[in-house]
Amino acid sequence: MDQSPEFDLSQEPESADPQDAYERGHGPYQPHEPGYGLDQPGYSPYEDEIPDPQTRMLAIKNAKAYLLKTSTKSGLNLYDHFANILTKILDEQPTNTVDIIENISKDVKWAQFQKKMDTLCDEHLVPPTFEASEKYKALFIKEDGEEEHEELEEEMGQPSLPNVMETAFYFEQAGIGLSKDESYYIFLALKNLINLQPIQTCRFWGKILGLEMNYIIAEVQLQEGEEEEEIGEEGEEIVEEGEKEMGEAEEDEQKEQEAEPPKSTYKPPPEIPKEANGTGTNKYVYFVCNEPGTPWVKLPPVTPAQIVCARKIKKFFTGWLNSPVVSFPPFPGNEANYLRAQIARISAGTHVSPTGFYQFENEDEEDDEGADTYEENPEFEPPPVAEMVESLATWAHHVKGILKQGRCVWINPSQKSEENEEEEEEEEEGEEQQEERGPPLLTLISEDEGMKDIPAWTAQASTDLIPQYSVAILQSNRWPGAYAFASGRKFENIYFGWGHKYSPESHTPALPPPAQAEFPSGPGITETIDPTVEEEMAFKAAQEEALAEDEEGEDEEEEDD
């Protein structure tokens, strides 16, 4: 017979309740198992070993450094995020926190990127499109005096406002130019300029790029009489400056009478005068603005010294006219003067027209290199586009080149009347200088020198697929960004670039002048050795004997008398 198994009362089954098992002294883990005792407070499996405090602190620092790692996406770190979550939980003390911990984490993150408001209603964010529309809003407002101005233009028959959109259309055939919106804004900005200034002719010169802002440039000719007023104002300023200098000179003379220091014999070279308004490099007046809708600013006239220095430096424009130009050699002026100098250089080198479109007003001026006036040729017949692309002889410069002196017409700086004979001798030496002669006006661009293996100009057609409707495009390699187009009797020049001239070699700034030589040493300036005491005593004794002899001689003369 089968006997029922005997059960040991000491081996009772494990209770389903862990608390009951804990009270009986055993639980899910047996004492011989490695996990035994982990659920008991204050228990450590390494009670026998004493941990190294430095190692523990290093582990804590490494853990904290890991938590402080900043995310490359959001810019937050886990340590601050946990701190903000715990702060939010302790402040609000929500129910069932463990179930909504993910939502709390999202709310804390979202609060980091929300704009902090100090008002009851959220602040209205202005979109960039609205800001741009407000900026250009003034361009679309028609003022009261514009209708009268338009009527005067209709009576004169020659509108001063250029058709910028038509010019942009022709340049667009070759992939050159601005967007249609920006071209139209510039069109409206030029219209506002003509309404504000007494302008006779106006032309969109181009756009020079800057590091912070760009320059939109308008080339204008003022009405007759306006330039003379400017010259008069400049003359008054010169007179006032002369009076101040005379007063300062009188004060200096009074001071010099008291103690006259040694005068310097150095005489600086004579200053080359700038060309008059309406001639040479100052033939046109230029207005600039950073964006359409901002006020136009008139650039000052350019001087030869500024052009000469601009050839030796290469600076990026910032977009601020009053910013200084830090360079070597030092530039005589600020960014407005540097911009005006670069405009003059670019215009002199890149403004071209079809050969024969312009002619001299008088036949005698054709041989005169100083001729600066021309007129349109009514008998001009435009060559075909294919010929203008193949031959550079079909293009000519209609702006005079700038000489090394910084002027279009050379002038002898020592021709002024001098008072002293020495200055007259220097004047004769100055007259011996060779006069600079540049290429005459309306010179063909085929005579322009290239840069090593690079030609000065590149001509191409706007399209080869439909040659009968193509446009001749001319590109300057010397001034990257300068372009010209010709289609029939229509042509135009424009510039889009940084305002820098191309050089096949890297730009090397000018070196400072060599150090001045030391003054030649000689007996007159060489220090002597200090005399000894014996030599001083002998010198004094000799002086006393000489004085005694002089006194005896005077006494004998008195006795003889």
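The model is predicted, so local features need pLDDT of at least 70 and side-chain atom pairs pLDDT 80 or more, while totals for chains, interfaces and linings use all residues. Residues are numbered from 1 along each chain as its sequence is written, and side-chain values use heavy atoms, without hydrogens or water.

**Exercise 1.** Compare the reach of helix H8 with its expected span.

*Solution.* Start with the element: helices are DSSP runs (H or I) of at least four residues and strands (E) of at least two, numbered from the N terminus. H8 covers residues 180–196, 17 residues.

**Exercise 2.** Classify the ring pair Phe 204 and Phe 496.

*Solution.* Begin with the count: the structure holds 18 aromatic pairs. Rings of Phe, Tyr and Trp (its six-membered ring) pair with centres within 6.5 Å; planes under 30 degrees apart are stacked, over 60 edge-to-face, the rest tilted. Phe 204 and Phe 496 have 6.4 Å between centres and 55 degrees between planes, a tilted pair. Finally, locate them: Phe 204 is in strand S1 and Phe 496 in strand S12, 292 residues apart.

**Exercise 3.** Do likewise for Tyr 358 and Phe 491, then state their burial.

*Solution.* At 6.1 Å and 85 degrees, this pair is edge-to-face. Tyr 358 lies in strand S6 and Phe 491 in strand S12, so the pair ties together parts 133 residues apart in sequence. Both residues are buried (under 20% relative accessible area; exposed is over 50%, partly exposed in between, with a 1.4 Å probe and protein chains only).

Definitions and conventions: Expected span 1.5 Å × (residues − 1).
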